[in-house]
Amino acid sequence: MRKIFPIILAVVLMATSCHKVVDPEISVDPYAITFDYNGGSFDVNVRCNVDWTVDCDTLGIIISPTSGTKDGIVRISVPATTSKSTQVARITFTAKGEESSKLAKTVVTIGSYPFIGVDLGQLSIAAEGGGTQFMLTANREWTATCSNSAFKFSPESGEVNDIIRVTADINETGTPRECLITFRLKEYRNTTAQIKIVQTSL
């Protein structure tokens, strides 16, 4: 029995000394992708030499599968958004080694929902003439038109938010007059906003 114990101990020590620690390595493709506000799905190719997991810092994004071993493919599904600003989601892949971990990321940029609007429905200008102004909110390029040439406004186009100024000369017609200013996104012609400007008469 005394002769067997040293042999067992030697075998254990030999097995321990022969164990090689594997350093984790991981890479992903693509590193970045962009969607418009409608969202979409795409695949990420994972190259790894150990077990890995996946998570995301943005709610609503679906990841399948959320873990794997060595090389694999992960399906990412990005839902449509109604956010008025661009969003950025970071999907993190973690390779888990015995003594350390390594990260790789795919960055998803989600475009904003097309929006244009004004806070007020109607404004007035005195019969003696003058002007008024209001705030237009938009997240894309826009143009504007007015239904009555007796009113002047500026600017008539823009890229994002702007202050709109409207003027009119004295109204001596004997009847009130009004105009409807319509704002429309250049790329999304059905996305509009309107405001009515009313001027009384002397």
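Which side chain meets Lys 102 in a salt bridge? I looked it up, and the partner is Glu 25, with N and O 3.2 Å apart. A caution to myself before going on: this is a predicted model.

**Entry 1: the Lys 102 pair**

I checked where the two residues sit. Lys 102 is in strand S9, while Glu 25 is in the loop between helix H1 (4-18) and S1. They are 77 residues apart, so I noted this pair as one that links distant parts of the chain. Then I looked at how open they are. Lys 102 has 33% relative accessibility, so it counts as partly exposed. Glu 25 counts as partly exposed too, at 43%.

**Entry 2: other salt bridges**

I got a count of five salt bridges, and I followed up on some of them.

Arg 75 pairs with Asp 43, and their closest N and O atoms are 3.1 Å apart. Arg 75 belongs to strand S7 and Asp 43 to strand S3, so this bridge ties together parts 32 residues apart in sequence. Arg 75 is partly exposed at 39%, and Asp 43 is partly exposed at 38%.

Glu 141 pairs with Lys 186, with 3.7 Å between the closest N and O atoms. Both ends are in loops: Glu 141 between strand S12 (130-138) and strand S13 (142-146), Lys 186 between S17 and S18. That pair ties together parts 45 residues apart. I wrote down 40% relative accessible area for Glu 141 and 41% for Lys 186, so each of them is partly exposed.

My reminder on the idea behind this: side chains of opposite charge can pair when their charged atoms come close.

**Entry 3: Ser 64**

Ser 64 sits in strand S5 (residues 62-64). Setting aside neighbours within four places in sequence, I found Ser 64 in contact with Ile 73, Val 74 and Arg 75.

**Entry 4: how the strands pair**

I traced strand S3 (residues 40-48) next. Four bridges join it to strand S1 (residues 26-29), and the two run antiparallel. Ser 27 stands opposite Arg 47 there. S3 is also joined to strand S7 (residues 72-78) by seven bridges, again antiparallel, with Val 46 opposite Gly 72.

Further along I found an open sheet of five strands, in the order S11-S18-S17-S13-S15, with mixed pairing. Its edge strands are S11 (122-125) and S15 (157-158), each pairing on one side only. Inside that order, eight bridges join S17 (residues 177-185) to S18 (residues 192-199), antiparallel. Arg 177 has Gln 199 as its bridge partner in S18.

**Entry 5: the cores**

Which residues have the most contacts inside the largest nonpolar core? I listed Ile 26, Val 46, Val 74, Ile 76, Phe 93 and Val 108, out of 22 residues in that core. The elements giving two or more residues to this core include S1, S3, S7 and strand S8 (87-96). I also noted a second, separate core of 21 residues, with Ala 138, Val 166, Cys 179 and Ile 195 among them.

I then picked Phe 93. Among the residues it touches are Ile 26, Val 46, Val 74 and Lys 102.

Thr 94 touches Ile 26, Trp 52 and Lys 102, among others.

Definitions and conventions: Residues are numbered from 1 along each chain as its sequence is written. This is a predicted model: local features need pLDDT of at least 70, side-chain atom pairs count only at pLDDT 80 or more; totals for chains, interfaces and linings use all residues. Side-chain values use heavy atoms; hydrogens and water are left out. Two strands pair if DSSP finds at least two bridges between them. Contact means heavy atoms within 4.5 Å. A nonpolar core is a set of buried Ala, Val, Leu, Ile, Met, Phe, Trp, Tyr and Cys residues joined through side-chain atoms within 4.5 Å. Buried means under 20% relative accessible area, exposed over 50%, partly exposed in between (1.4 Å probe, protein chains only). A salt bridge is a side-chain nitrogen of Lys or Arg within 4 Å of a carboxyl oxygen of Asp or Glu.
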